[in-house]
Amino acid sequence: MNIIFIHGANATQKSFAYIIIGIKKLKHNIPIKFHYFNYDNKRGFKNNFPEMSDKLSKLDGPCVIIAHSMGGIYATHLYKAFPEKLVTGITLATPYLGLGSAFIARWLFPDWVLLQDVAPGTSPILGMQSVKFKIPWIQIVPQCGSTPLVSLLANDGVVSRLSMTSRKDVTYHNVDTNHYEVLLDKGVSNMINDYIEKL
């Protein structure tokens, strides 16, 4: 089984270190291979996504995606492109409706490619709306860290709860962490381990 990790914006594969430690302790019936689909925000979605698609197309065997935040946007598009390769997806704090704060900020900072990718109404965000998951897909939703600088709606310090819970084809699990602590939470790690162990 292949487990693909896709980090969040301005992060690296190291953000999954704690989760990976937990997965490595599992006694699974089949060998697990780890793959890291790293990307550079400065290159933008339109340049990063074809490279990820190429990597996924070359993997043999069933694949599981674990993705944080912006990584979940990539994961959703990968499912759209290769539904037959994925058996399940686990996203953490993914903004399925985009980042409301980026809607205005992208006009103030037009050269900041990340804002152009995550604002509501942009092609990476709109492209997810036509995707219908036909495999088990869970979203872990942080409940803490809310700040009005991100949204007047409840948020995890980065993404609004509304954006994280907008899909009807996803199973949601609320956790008492903020946007970044979700990657370091023992309960989240155990939840992911239990989920993978049942595959």
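I started at H68, which sits in strand β3, spanning residues 63-68. I kept in mind that the model is predicted.

**Entry: H68**

I asked first: is H68 buried or exposed? H68 is buried, because its relative accessible area is 3%, and buried means under 20%. Next I followed the side chain of H68. It reaches the backbone oxygen of H179 at 2.9 Å. Then I listed the contacts of H68, leaving aside neighbours within four places in sequence. Among them are I6, H7, G8 and F16. L92, A93 and T94 also touch H68. So do H179, Y180, V182 and L183. I noted that H179 therefore turns up in the contact list as well as at the end of the polar contact, since a polar contact is a pair of N or O atoms within 3.5 Å.

**Entry: S69**

I moved one residue on. S69 is found in the loop between β3 and α3, and α3 covers residues 70-81. S69 counts as buried, because its relative accessibility is 8% and the cut-off is under 20%. I checked the backbone too. S69 has a positive phi of about 55°, although it is not a glycine. Which residues does S69 touch, not counting those up to four places away in sequence? I found G8, L92, A93, T94, P95, V159 and H179.

**Entry: N10**

I looked up another positive phi. N10 has one of about 60°, and N10 is not a glycine either. Where does N10 lie? I placed N10 in the loop between β1 (2-6) and α1 (17-24). Is N10 buried or exposed? N10 counts as exposed, because its relative accessibility is 61% and exposed means over 50%. S69, by contrast, is buried at 8%.

**Entry: M52**

I turned to a helix. M52 has its place in α2, residues 45-57. M52 is buried, because its relative accessible area is 2%, under the 20% limit. I listed what M52 touches, again not counting residues up to four places away in sequence. The list is I6, F37, Y39, Y74 and L78. M52 and N38 are 14 residues apart along the chain. Their C-alpha atoms are separated by 8.3 Å.

**Entry: the whole protein**

I stepped back to the fold. I counted 8 helices and 6 strands. Along the sequence they follow the pattern β-α-β-α-β-α-β-α-α-α-β-α-β-α. The radius of gyration is 16 Å, close to the 16 Å that the globule rule gives for 199 residues, so the protein is as compact as a globular protein of that length. I noted the span of the C-alpha trace along its principal axes: about 50 × 35 × 30 Å.

How much of the protein is buried? Buried residues make up 51% of the 199 residues. I checked contacts with a separation of 6 or more, and residues 24 or more positions apart account for 71% of them. Last, I looked at charge. There are 20 positive and 14 negative charges, and their mean positions are 3 Å apart.

How values were computed: Residues are numbered from 1 along each chain as its sequence is written. This is a predicted model: local features need pLDDT of at least 70, side-chain atom pairs count only at pLDDT 80 or more; totals for chains, interfaces and linings use all residues. Side-chain values use heavy atoms; hydrogens and water are left out. Helices (H or I, at least four residues) and strands (E, at least two) are DSSP runs, numbered from the N terminus. The radius of gyration is taken over C-alpha atoms; the globule rule is 2.2 Å times the number of residues to the power 0.38. Buried means under 20% relative accessible area, exposed over 50%, partly exposed in between (1.4 Å probe, protein chains only). Contact means heavy atoms within 4.5 Å. Lys and Arg count as positive and Asp and Glu as negative; His and the chain ends are not counted. The place of a charge is taken as NZ of Lys, CZ of Arg, CG of Asp or CD of Glu. A polar contact is a pair of N or O atoms within 3.5 Å; within protein, one must be able to donate a hydrogen and the other to accept it, and residues adjacent in sequence count only if both atoms are side-chain atoms.
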